[in-house]
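Here are some exercises to work through with the viewer open. Try each task before you read its solution.

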Amino acid sequence: SSADEQRDDPCGSVHYAAPELILHGEHSFGVDVWSLGVVCFAVLTGRFPFYGETAREIQTSIVSRDASL
């Protein structure tokens with residue numbers, strides 16, 4: 001297993017996933033910055049920036065950038 005190898009299976013919480021990961025697009029360091037931003041938002045507000053009753057609804061909210069600010 002190479003350090004440069006990308007995973008095809010989802011891992012981690014959908015709340016922290018960047019749009020590129022959800023859409024299975026090419027991604028880089030920016031997805032880590034996105035996740036860090038979600039962590040910071042959650043720590044400061046006590047909730048996640050994107051809402052949904054299901055994982056699919058959360059993914060849709062993230063991809064459409066429909067934040068519940």
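Predicted model: local features only at pLDDT ≥ 70, side-chain atom pairs only at ≥ 80, totals over all residues.

Helices here are DSSP runs of H or I with at least four residues, and they are numbered from the N terminus.

**Exercise 1. Work out the geometry of α2: what is its span, and where do its buried residues V31, V38 and F41 sit around the axis?**

Step 1. Take the length. Helix α2 covers residues 30–45 and has 16 residues.

Step 2. Compare the span with expectation. The expected span is 1.5 Å times one less than the number of residues. From its first C-alpha to its last, α2 reaches 22 Å, close to the 22 Å expected.

Step 3. List the buried residues of α2, which are V31, V38 and F41. They cover an arc of only 75° around the axis, so they lie on the same side of α2.

Step 4. Turn to the face of α2 pointing away from its buried side: the exposed residues L36, V43 and L44 are carried there.

**Exercise 2. Characterise the nonpolar surface patch: which residues form it, and what is their accessible area together?**

Step 1. Identify the members. L36, V39 and V43 form a nonpolar patch on the surface, and together they have about 280 Å² of accessible area.

Step 2. Classify two of the members. A residue counts as exposed over 50% relative accessible area and as buried under 20%, with partly exposed in between. L36 has 52%, so L36 is exposed. V39 has 37%, so V39 is partly exposed.

Step 3. L36 and Y16 are 20 residues apart along the chain, and their C-alpha atoms are separated by 8.1 Å.

**Exercise 3. Find the aromatic pairs: how many does the structure hold, and is each one stacked or edge-to-face?**

Step 1. Count them: there are two aromatic pairs in the structure.

Step 2. Take Y16 and F48. Their ring centres are 5.5 Å apart and their planes meet at 85°, so this pair is edge-to-face. The pair links distant parts of the chain, 32 residues apart, with Y16 in the segment before α1 (19–22) and F48 in the loop between α2 and α3 (55–63).

Step 3. Check the accessibility of these two residues. Y16 is partly exposed because its relative accessible area is 29%. F48 is also partly exposed, at 28%.

Step 4. Now take W34 and F50. Here the ring centres are 5.8 Å apart and the planes are at 15°, so the pair is stacked. This pair too links distant parts of the chain: W34 is in helix α2 and F50 in the loop between α2 and α3, 16 residues apart.

Step 5. Classify this second pair as well. W34 has a relative accessibility of 21% and therefore counts as partly exposed, while F50 is buried at 9%.

**Exercise 4. Compare separation in sequence and in space: what are the two values for I22 and T60, and for V33 and A18?**

Step 1. Start with I22, which lies in helix α1. Its relative accessible area is 16%, so I22 is buried.

Step 2. Read off the distances. I22 and T60 are 38 residues apart in sequence, with 9.0 Å between their C-alpha atoms.

Step 3. Move on to V33 in helix α2, which is partly exposed because its relative accessible area is 45%. V33 and A18 are 15 residues apart in sequence and 9.0 Å apart in space, C-alpha to C-alpha.

Definitions and conventions: Residues numbered from 1 in each chain as written. Heavy atoms only, no water. Patch = residues over 30% accessible without salt bridge, like charges linked within 9 Å, V, L, I, M, F, W, Y side chains within 5 Å. Areas by Shrake-Rupley, 256 points an atom, 1.4 Å probe, with all protein chains shown as cover. Salt bridge = Lys/Arg side-chain N within 4 Å of Asp/Glu carboxyl O. Helix = DSSP H or I, 4+ residues; strand = E, 2+ residues; numbered from the N terminus. Buried < 20%, exposed > 50% of the residue type's maximum accessible area, 1.4 Å probe, protein only. Phe/Tyr/Trp six-rings, centres within 6.5 Å; stacked < 30°, edge-to-face > 60°. Arc of directions from axis to C-beta.
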